[in-house]
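This report describes a protein model through its charged pairs, its fold and its covalent cross-link. The structure is shown below for reference.

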Amino acid sequence: DVNLGKISPWAEIARSNSPARRDYGIPFLIAQNDKDVIVGPHVTRQFAQDLCQNGARVRWVPITSETGHATSAKDSAVETLGWIDARFAGAPVPNDCGNF
């Protein structure tokens, strides 16, 4: 297997283009199922933690269903829609940084 993350210039390009490298000035909602075998939970968690370290506000939604990736959107829909509604209503932005 080829790991582009260890081959120049691809490793540097990937790091400099990572959205976790800067604060976008907007809040994030990230939902992740620890049983997901398609989107690695450790990768998502590290991405969210990097966002936090760079000043972003992150709402972390743990998904606990047994189905892994297949139903993640459905499993997090109520939380996601509520979060979006709250943003449009001007409610304070929750921040789970340091808690996941």
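Predicted model: local features only at pLDDT ≥ 70, side-chain atom pairs only at ≥ 80, totals over all residues.

Arg45 belongs to helix H2 and Asp34 to the loop between E1 and H2, so the pair ties together parts that are 11 residues apart in sequence. Arg45 is partly exposed, with a relative accessible area of 25%, whereas Asp34 is exposed at 52%.

The count of salt bridges comes to five. One of them is formed by the side chains of Glu66 and Lys35, with an N to O distance of 3.8 Å. Because Glu66 lies in the loop between E2 and H3 and Lys35 in the loop between E1 and H2, this pair ties together parts that are 31 residues apart in sequence. Glu66 is exposed, with 65% relative accessibility; Lys35 is partly exposed, with a relative accessible area of 41%.

## A buried charged pair

The side chains of Arg59 and Asp96 also meet in a salt bridge, at 2.6 Å from N to O. Arg59 is in strand E2 and Asp96 in the segment after H3, so parts that are 37 residues apart in sequence are tied together. Both of these residues, Arg59 and Asp96, are buried. Together with Glu79, they are linked in a network of salt bridges.

## Fold and strand pairing

The protein contains three helices and two strands, arranged from the N terminus in the order α-β-α-β-α. Strands E1 (residues 28-33) and E2 (residues 58-63) run parallel and are joined by six bridges. Within this pairing, Ile30 stands opposite Trp60 in E2. A right-handed β-α-β unit is made by E1, helix H2 (residues 41-53) and E2.

Ile63 is located in strand E2. With a relative accessible area of 7%, Ile63 falls under the 20% limit and is therefore buried. Leaving aside residues up to four places away in sequence, its contacts are Ala31, Gln32, Asn33, Asp34, Ser72, Asp75 and Ser76. By C-alpha positions, Ile63 and Arg15 are 28 Å apart in space and 48 residues apart in sequence.

## Disulfide and cis peptide bond

One disulfide is present in the structure. It joins Cys52 to Cys97, with an S to S distance of 1.9 Å. The two cysteines are 45 residues apart and link distant parts of the chain: Cys52 is in helix H2, and Cys97 is in the segment after helix H3 (72-88). The torsion about their S-S bond is about -80°, so the disulfide is left-handed. Cys52 is buried at 19% relative accessible area, while Cys97 counts as partly exposed at 24%.

The peptide bond from Ser8 to Pro9 is cis, with omega near 0°. Pro9 is found in the segment before helix H1 (10-16).

## Overall dimensions and surface

The C-alpha trace spans about 45 × 35 × 20 Å along its principal axes. Of the 100 residues in the protein, 28% are buried. Among contacts between residues at least 6 apart in sequence, 68% join residues at least 24 apart.

Terms used. Residues numbered from 1 in each chain as written. Heavy atoms only, no water. Pairing = 2+ DSSP bridges. Helix = DSSP H or I, 4+ residues; strand = E, 2+ residues; numbered from the N terminus. Right-handed = clockwise from strand over helix to strand, strands pointing away. Disulfide = S-S within 2.5 Å. Buried < 20%, exposed > 50% of the residue type's maximum accessible area, 1.4 Å probe, protein only. Contact = heavy atoms within 4.5 Å. Salt bridge = Lys/Arg side-chain N within 4 Å of Asp/Glu carboxyl O.
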